[in-house]
Amino acid sequence: MDPKQFLTQIVQTFKQFVLKYYPKDHLYIAGSMAALFLLLLIIPGEDKGPAVPNQTTRIPIPVTLDEPGSEPSSSLNLADYVVTAEAPAEINLWQNVEIKSGDNLSAIFTKVGLSDQDLFRVLNSSEEAKILNRVYPGYQLDFLIPDEGELEQLRVLKSPLEGYLFTRENNDYLVQEIIKEAQIHQAFKVGEISDSLFMAGQREQIPAVHLMEMANIFGGVIDFILDPRMGDQFSILYNEQFLDGQFIGNGEILATRFVNQGRVFTAVRYINEEGEVGYYSPDGESMRKAFLRNPLDVFRISSNFNPRRRHPILNTIRAHKGTDYAAPTGTPIRATSDGRVTRASRYGSFGNLVIIQHAGGFETKYAHLSRFANGIGRGDRVRQGEVIGYVGSTGGATGPHLHYEFLVNGVHQNPRTILDKLPTAVSIEAAEMDRFRDQIAPLLRQFEELNDSRLLSLNQQSAD
Ligand SMILES: [Zn+2]
């Protein structure tokens, strides 16, 4: 898998994750992540990105956050848009070009033997044809040019599942939307921790995106930095997408389990009547908690993880009533809950310090940061999981680490124990329980059977 595909998958998964967890008011995070990602792809090339000569209006980067279940306006299946060839040899007439950063349409048309005039003709054939002004790196363009210089069909694919087909009709081009449905297959993976979660995932060839997603699902109940122990086990049931028998991408997690030091955590996907996706225990308790169990982005740490060494994270609860997470400089630090920033500045031996005030008399402090995240300042509202700064060793720190404090009504508390005493978060309403049980029952049954078949040790006490 090339790095771009890998990154795309990560962004997709992150987007799905955000949509799942923050169905309504957090959409903008997903949008900005996707936009940011697109920008990253485009920026290294020409400043203007792929553009058509003389085209002055730039259309904003399209970030589509499709509603689940929304119907495509028109759709084609594969048979409709692959030119039905008399002889198989004709298929070879398709020329495929993947748009790279810095490419422009004019150059691409030239490459396949077409002129600027041809491009102009396609672009001006209809209002819909203007979608060609919004092509971005990663898109695929397929040209069918049966006779030299005669563009018969042009396929613009945003992804293997989505795009447009231009078909010549006299001197114009008819534009049709291509929406294909992937075949969904389910995959089930089991892992056991002997060194780190990430090594365990790698051994079992579990996509990194799913490990990250699992860590996010359980982020309110397990501290994936301090809690995992050798012998911990986990399992993930997730969707994979195929098109014409070919793997095209990972889908969402349907159910997952983590057995941490004998405590069993199970999360199943549930879609409520509003179409919002969330993860719940089989009893209907939301996996999303008021606070994340740890403030570091575990996934990013893994990229620096050296399998020959022990886990890089150390922990001490010191006399000063904070938790110290040793981590490489630059590791992203996340707000553990929604709140308002009351300080983001240097403060004596704390070095660069962020303080966040949360509802209900809670306060969290994050010290020794190398720097603050862009746009984080006093008075700003932050969301749970939002990156607020980066690990460093400013102030009195002897080495790079995050000093994390958790206060309740001004009194220091050990976040590792106080969180267990907090009331549990939003769960399924009593009136919705029947709907919930009906929906998750078949999934849960399947998941249990798979777990049993893989001998995941479940003979331990359930952690309720
Ligand atoms: Zn400390």
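Strands β7 (residues 233-243) and β8 (residues 246-260) pair in the antiparallel sense over 10 bridges, where pairing requires that DSSP finds at least two bridges between the two strands. Helices (H or I, at least four residues) and strands (E, at least two) are DSSP runs numbered from the N terminus. Within this pair, F234 stands opposite F258 in β8. The model is predicted: local features need pLDDT of at least 70, side-chain atom pairs count only at pLDDT 80 or more, and totals for chains, interfaces and linings use all residues. Residues are numbered from 1 along each chain as its sequence is written.

The two strands belong to an open sheet of 5 strands with the order β6-β7-β8-β9-β10 and antiparallel pairing. The edges are formed by β6 (183-192) and β10 (277-280), each of which has a single partner strand, so one side of each is left without a neighbour in the sheet. Direction ignored, neighbouring strands of the sheet are turned by 25° against each other on average. Axes are lines fitted to C-alpha atoms, for helices over the stretch in contact, and angles run from 0 to 180 degrees between N-to-C directions. Helix α7 (residues 208-217) packs on the sheet and touches β7, β8, β9 (263-271) and β10, its direction making about 40° with that of β8. Contact between two residues means that their C-beta atoms, placed from the backbone, lie within 7 Å. Helix α10 (residues 433-453) lies across β6, β7, β8 and β9 and runs at about 135° to β9.

The loops of this sheet contain two residues with positive phi. D244, in the loop between β7 and β8, has a phi near 50° and is not a glycine. Q261, in the loop between β8 and β9, likewise has a positive phi of about 50° without being a glycine. Most residues other than glycine have a negative phi. D244 is exposed, with 10 other C-beta atoms within 10 Å, and Q261 counts as exposed with 12 C-beta neighbours inside 10 Å. A residue is buried if 20 or more other C-beta atoms, placed from the backbone, lie within 10 Å of its own, exposed if 12 or fewer, and partly exposed in between.

Helix α7 is mostly covered, with 9 of its 10 residues buried; these include H210, E213 and N216. Residues up to four places away in sequence not counted, I333 touches P295, L296, Y366, L369, V387, I388, G389, Y390, V391 and L402.

Q153 lies in strand β3 (residues 153-159) and counts as buried, with 20 C-beta neighbours inside 10 Å. Its C-alpha atom is separated by 9.3 Å from that of L174, 21 residues apart along the chain.

Overall, the protein has 10 helices and 21 strands, and buried residues make up 34% of its 464 residues. Among contacts between residues at least 6 apart in sequence, 64% join residues at least 24 apart.
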